[in-house]
Amino acid sequence: MRVLLVEDDDLIGCGIEAGLRQAGFTVDWARDGHKASLALDTTAYALVVLDLGLPRVSGMDLLKRLRDAGKDVPVLVLTARGTVVDRVGGLEAGADDYLGKPFDLTELIARCRALLRRAQGRSIELIRYQDLTVNPAAQTVEIGNTRVPLTSREWAILMQLLTNQGIPQSRSRLEESLYGWQEEIESNAIEVHVSNLRKKLGAKLIRTVRNIGYVVEKA
Amino acid sequence: MPASIRRRLMLLILTSIVLIWGIALISSYLQAKREVSEWEEARLAEIAQILALLDQRNLTTLANARIDLREEEQGGEAGANDSDDDDALPRDALFQVRGANGEVLAGSPRLRALQAWDLPVPPASGAQNMTLGGEAWHTFTLRDTALGHTVRVFEPANTRSDLVSGVASRIARPTLVALPVLALLVWFSIGWSLAPLKVLSGAIRARDINRLEPVDIGRAPTEVRPLVDAINLVLSRLQHSIERERAFTADAAHELKTPLAAIKVQAQVALAEPDAALQRVAMERVVQGVDRSARLAEQLLLLARLDVHEKLSTAPLKPAAVAKDALLANERNAQQKNIHVTLTGDMRAEINAEPVLMGILLDNLLDNAIKYGRRGGSIEVAVRREVGRVQLTVRDDGPGVAPGDLARLTNRFFRATGNQATGSGLGLSIVARIAEHFGASLHLGSGIGEQGLAVAVSFPAYTGDED
């Protein structure tokens, strides 16, 4: 799950980045509005965590620009100015949720998950697919009552496919969700991870779409 | 007893009135006395003339009778007895008529008792005062040239002063009655005139610290208007300062939330991090966050203290020497960014300032220059003596500040766009406040080679016993 973090403060930024990584997200961190807007133009993010007090392009402007461009990626806004006016302004400008500083990291992650879930049209945290039970918060997958251990890469690919059921995901799309900006993309990695997933979860779960990529069919 | 305008006005007004009335009374009394005296003299002369016309028989009869001048005076209105100017004592007039050879033709027998029977007769007609039998008497002498008679009329002097004091008391009596009435009227008039002050004090007392709009007491008198205006001026200043204070508190709280958020996030990362090395990194960042909050709190306290406007004790000091200390203190940071710092100019120039604040000023300027300067760049600190001033300049060759942002650079919490360094945006506002404290002016411009930022602080030169 690739998340864009837009935060100008070094200490807060690297803290959130680490926290989101711990929670299993792939994080890109933009330190100003300009970089954030470039990132949003080039990459499909599952979620944006946006600090409103940004240098160069303000968070609010960025949000308006994003919504004007017709992008409906969920946006969680962070700000130190927690007045009602600020919150209402942020929500009306297109934010999906709002968190005032100083916030609780676990709450931030829970809210991120909730936003993703809502974006995927689910109302409960658990994803059930055939005999599979996937818990995104705990990052666990069970077949029946047996826990199946997954690596973080396998987990990310499974989540990308399960949250886009019926929509084939190209290799590059899957890579995007796997690697942040700093990470080197390994060649053939997707194929390797998919084949591992098939071994662990059953060969029929992920279908190959020739010349396109992979898909988990609608349940 | 506290000073009271009403009491003071009462005292002044009533004292003036009593004084003026007193003077008027005395002058009326003197006037009355003179008039009475003239009138009495004329009357004595008249009696003398009548006596001069009388024959021997009538004179003898008259001499043995009593002439009470009171009856003469009151004449027809004897019934209307006004006790005020009534003479309490009988007013016997005595007389003596002498013939052409000085022989006594007739005389009041009482003159003998007063030993005035043989008094020498003055050579000319006219009035005269004398003492007879221990009392003051007025006399009038008339020499009748036709008959050769000399007529002399005697009257006790006290009768006249009785009359005069009667006139005086008649004038004074209404005045004495009027005085308390007047005092009462003055008392109420003053109270009524001072009513706007009471309204004003009520309006101010009812004022709440959250409601500082101007006082309006309607049509205030011209004397009270300046007071109302002055109070409104103070209120508006107070309002302004409270608003500034509130904005500052809000900004400060907002600014403090950022490092707190960082600390919390990093601490939570550390708690959740299974990898010991990464946990350590997160904990180090927690410490960084705490340092940042502490520095911010220090800066806020400093600004608050500078706002108190307390007069600081200043002493002559050399900016170059303070700069040298600041350079040493910031050496490590400069080395970390491989920045070359130089100090040039007049090492002996002196200004009047307080060393600790001066140190903070230079420390902030250097800290900013290093923080926002170019890695591997240079910083120039210069002290220059000008006419009556000493200018301290800190220049860097970093990315500088957009011209549009220059003016806002000294605003509290303002951070120029695009800057990556951590900071609260308080440094330059602290510099500006310290400079203001020492009567120095602050100028921001472009730095080394039209790059970076230059901050110039121009102090009034110390002109004590140098040279």
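**Confidence, cavities and salt bridges**

For chain B as a whole, the average pLDDT is 81, with 88% of the residues scoring at least 70. These values belong to a predicted model. For the complex, the predictor reports an ipTM of 0.72 and a pTM of 0.58.

Two cavities of 30 Å³ or more are present in the structure, and the largest cavity has a volume of about 130 Å³. Its lining comprises 14 residues, and those nearest the centre are Met1(A), Phe25(A), Leu116(A), Pro136(A) and Met159(A). At least two lining residues come from each of helix 5 (105-119) and helix 6 (152-162) of chain A. Classified by type, the lining of the largest cavity contains eight nonpolar, two polar and four charged residues.

The charged pairs form the next topic. Side chains of opposite charge can pair when their charged atoms come close. Over all chains, the structure holds 28 salt bridges. One of them joins the side chains of Arg43(B) and Glu155(B), at 3.0 Å from N to O. This pair connects distant parts of the chain, since Arg43(B) belongs to helix 1 (residues 5-53) of chain B and Glu155(B) to strand 6 (residues 150-156) of chain B, 112 residues apart. Both Arg43(B) and Glu155(B) are buried.

A further salt bridge, at 3.6 Å from N to O, is formed by the side chains of Glu284(B) and Arg280(B). Both residues lie in helix 8 (residues 276-307) of chain B, four residues apart, or about one turn of the helix. Glu284(B) has a relative accessible area of 41% and is therefore partly exposed, whereas Arg280(B), at 57% relative accessibility, counts as exposed because the threshold is over 50%.

The side chains of Arg385(B) and Asp346(B) also meet in a salt bridge, at 2.9 Å from N to O. Here too the pair links distant parts of the chain: Arg385(B) is in strand 10 (residues 378-386) of chain B, and Asp346(B) is in the loop between strand 8 (340-345) and strand 9 (351-353) of chain B, 39 residues apart. Arg385(B) is partly exposed, with a relative accessible area of 37%, and Asp346(B) is partly exposed at 22%. In chain A, salt bridges that share partners join Glu7(A), Asp51(A) and Lys101(A) into one network.

Technical notes. Residues are numbered from 1 along each chain as its sequence is written. Chains are lettered from A and ligands numbered from 1 in the order in which they are written. This is a predicted model: local features need pLDDT of at least 70, side-chain atom pairs count only at pLDDT 80 or more; totals for chains, interfaces and linings use all residues. Side-chain values use heavy atoms; hydrogens and water are left out. pLDDT is the predictor's confidence in each residue, from 0 to 100. On a 1 Å grid over the protein atoms alone, a cavity is a set of points where a 1.4 Å probe fits but cannot get out, and a pocket is an open set with protein on both sides within 12 Å along at least five of seven lines; lining residues have an atom within 4 Å of a point. Grid points are joined across faces, edges and corners, and a volume is the space filled by probe spheres set on the points. Ala, Val, Leu, Ile, Met, Phe, Trp, Tyr, Cys and Pro count as nonpolar, Asp, Glu, Lys and Arg as charged, and the others, Gly among them, as polar. A salt bridge is a side-chain nitrogen of Lys or Arg within 4 Å of a carboxyl oxygen of Asp or Glu. Buried means under 20% relative accessible area, exposed over 50%, partly exposed in between (1.4 Å probe, protein chains only).
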